[in-house]
Amino acid sequence: MTVIALVGTQWGDEGKGKITDVLAARADVVVRYQGGNNAGHTVVVGDETYKLHLIPSGILYPDKACLIGNGVVVDPEVLCAEMESLHRANIDTSNLFISERAHLIMPYHKALDELEEARRAEKIGTTGRGIGPCYVDKYMRIGVRAVDMKSRASLERAVARALPFKNEILQKVYNHPGFELEEVVEEYMAYAEAIVPRLTDTSLLLHQARLDEKGILLEGAQGTLLDVDHGTYPFVTASNPTAGGAAPGAGLGPNHIKHVLGVVKAYTTRVGEGPFPTELHDAIGDLIRERGKEFGTTTGRPRRCGWFDAVMVRYAVRVNGLTGLAMTLLDVLDALESIKVCVAYEYKGERLEHFPTDLETLKE
Ligand code: IMP
């Protein structure tokens, strides 16, 4: 068996859940390596539909180990709720492991996500789940990690390190009352009960799986054009969904990843703001949205729809080092006599073959 990274080649929502599900059947370990519950997979098994935001969809198979890697930002409230909903459906989660190094989304991250988005003159259209603010704290080195939930004292220490910064901003900039240390700790100690038994050094677990020649599937969330480095900045998420992010986000060496499979939809969609060259504002766009059920798994927002953009996908092939492509949702286009494919952009009389960095160029 081998190590495969699976990534989205567009703006997310490429139908990765479907391909993950197919590949997970053959893998032994399924790993999430970045993002958080801004993602959403809809997996349909028989008559049942499962909407998962954080837990890898491999959990629906009884014999797979499912890992939430260190690169993921974990909202313990969401994780506990997702585990409970799986238990209610009689799905065993004893094979779910969470990296001790994963950062936790705290109540102040969610508050700040909403307040910052409201304050922005130019909206990003974030999912409001606290993802960006959590990564900000990670890089500011005031993040709270899953390992901190192992004791009340360590959780208190970690939250106390962050809270003065967060409260000062919340109160002085946003007129928000802020958060009490004891209340936050109390709430998170309750989640700790369900989460701490699943905490482990997931990198070590993966290392052992590799030595045992197990099949490992690294499951990217979002997509290439939402990557904080390679996406349509600033209309991006705060992590690296591209394949390069899989190594540090899972705790593997880059040379351990043998295949990089890109998932591509037969048309393009986007949630949130930002330029979208092939966007359709007509009845065809509406038809694609309806037939493709293009409404967000996480926020329920209608997705913007447009034709397939080969300039974008070529770019995704390059920045991910794709070794293969899996195309989804081709049947959505069955209702159309003919379809269009964008093969290059035209900008001020010039033909552009490569995806531009400047959003103004992309917009025009
Ligand atoms: P954030 O990740 O909540 O900070 O949102 C940043 C941008 O990424 C927004 O435009 C979101 O709509 C978009 N986004 C985040 N996660 C997903 C996803 O799973 N699918 C599609 N768009 C996403």
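# A first look at this predicted structure

Just after helix α5, Asn-175 takes a positive phi of about 60 degrees.

**Around the ligand**

- Which residues come nearest to the ligand? Of the 15 residues around it, these are Asp-13, Asn-38, Thr-127, Thr-237 and Arg-301.
- By class, the shell around the ligand is made up of six nonpolar, seven polar and two charged residues.
- Asp-13 places a polar side-chain atom 3.1 Å from a nitrogen atom of the ligand.
- In the side chain of Asn-38, an N or O atom is 2.8 Å from an oxygen atom of the ligand.
- Thr-237 has a polar side-chain atom 2.6 Å from an oxygen atom of the ligand.
- On its own the ligand would expose 470 Å², and the protein buries 96% of that.

**Helix α5 and its kink**

- Helix α5 covers residues 152–174 and has a kink of about 40 degrees at Leu-163.
- An α-helix has 3.6 residues a turn, so residues three or four places apart point the same way.

**Helix α10, from cap to end**

- Asp-309 caps the N-terminal end of α10, with a side-chain oxygen 3.0 Å from the backbone nitrogen of Val-311.
- Val-311 is itself buried, and helix α10 (residues 310–320) also buries Ala-310, Met-312, Val-313, Tyr-315, Ala-316 and Asn-320.
- After α10 comes Gly-321, which has a positive phi near 60 degrees.

**Two buried loop residues**

- Thr-9 sits in the loop between β1 (3–8) and α1 (16–24). Its relative accessible area is 0%, so Thr-9 counts as buried.
- A polar atom in the side chain of Thr-9 lies 2.8 Å from the backbone oxygen of Val-263.
- Leaving aside neighbours within four places in sequence, Thr-9 is in contact with several residues, among them Glu-14, Thr-224, Leu-225, Gly-262, Val-263 and Val-264. The contacts of Thr-9 also include Met-312 and Ala-316, and both of these are buried residues of α10.
- Asp-75 is found in the loop between β6 (73–74) and α2 (76–88). Is Asp-75 buried or exposed? Asp-75 is buried, because its relative accessible area is 2%, under the 20% cut-off.
- The side chain of Asp-75 makes a polar contact of 2.9 Å with the side chain of Lys-110.
- Not counting residues up to four places away in sequence, Asp-75 touches Asn-37, Leu-54, Ile-105 and Lys-110.

- Arg-210 belongs to helix α7 (residues 202–211). Arg-210 counts as partly exposed because its relative accessibility is 25%, between the cut-offs of 20% and 50%.
- Setting aside residues up to four places away in sequence, Arg-210 touches Val-3, Ile-216, Leu-252 and His-256.
- Arg-210 and Ile-288 are 78 residues apart in sequence, and their C-alpha atoms are 41 Å apart in space.
- Glu-360 is part of helix α11 (residues 359–363) and is partly exposed, at 42% relative accessible area.
- A polar contact of 3.3 Å links the side chains of Glu-360 and Lys-363.

**Backbone features to look for**

- The peptide bond from Tyr-233 to Pro-234 is cis, with omega near 5 degrees. Pro-234 lies in the loop between β10 (216–219) and α8 (246–250).
- Lys-293 is not a glycine, yet it has a positive phi of about 50 degrees. The loop between α9 (283–291) and β13 (304–306) holds Lys-293, which counts as exposed at 65% relative accessibility.
- Lys-348, also not a glycine, has a positive phi of about 50 degrees. Lys-348 is in the loop between β17 (345–347) and β18 (350–352) and is exposed, with a relative accessibility of 66%.

Note on methods:
Residues numbered from 1 in each chain as written. Predicted model: local features only at pLDDT ≥ 70, side-chain atom pairs only at ≥ 80, totals over all residues. Heavy atoms only, no water. Near = heavy atom within 4 Å. Polar contact = N/O pair within 3.5 Å; in protein donor to acceptor, adjacent residues only side chain to side chain. Areas by Shrake-Rupley, 256 points an atom, 1.4 Å probe, with all protein chains shown as cover. Nonpolar A, V, L, I, M, F, W, Y, C, P; charged D, E, K, R; others polar. Bend = angle between axes of the 7 residues up to and from the residue. Helix = DSSP H or I, 4+ residues; strand = E, 2+ residues; numbered from the N terminus. Buried < 20%, exposed > 50% of the residue type's maximum accessible area, 1.4 Å probe, protein only. Contact = heavy atoms within 4.5 Å.
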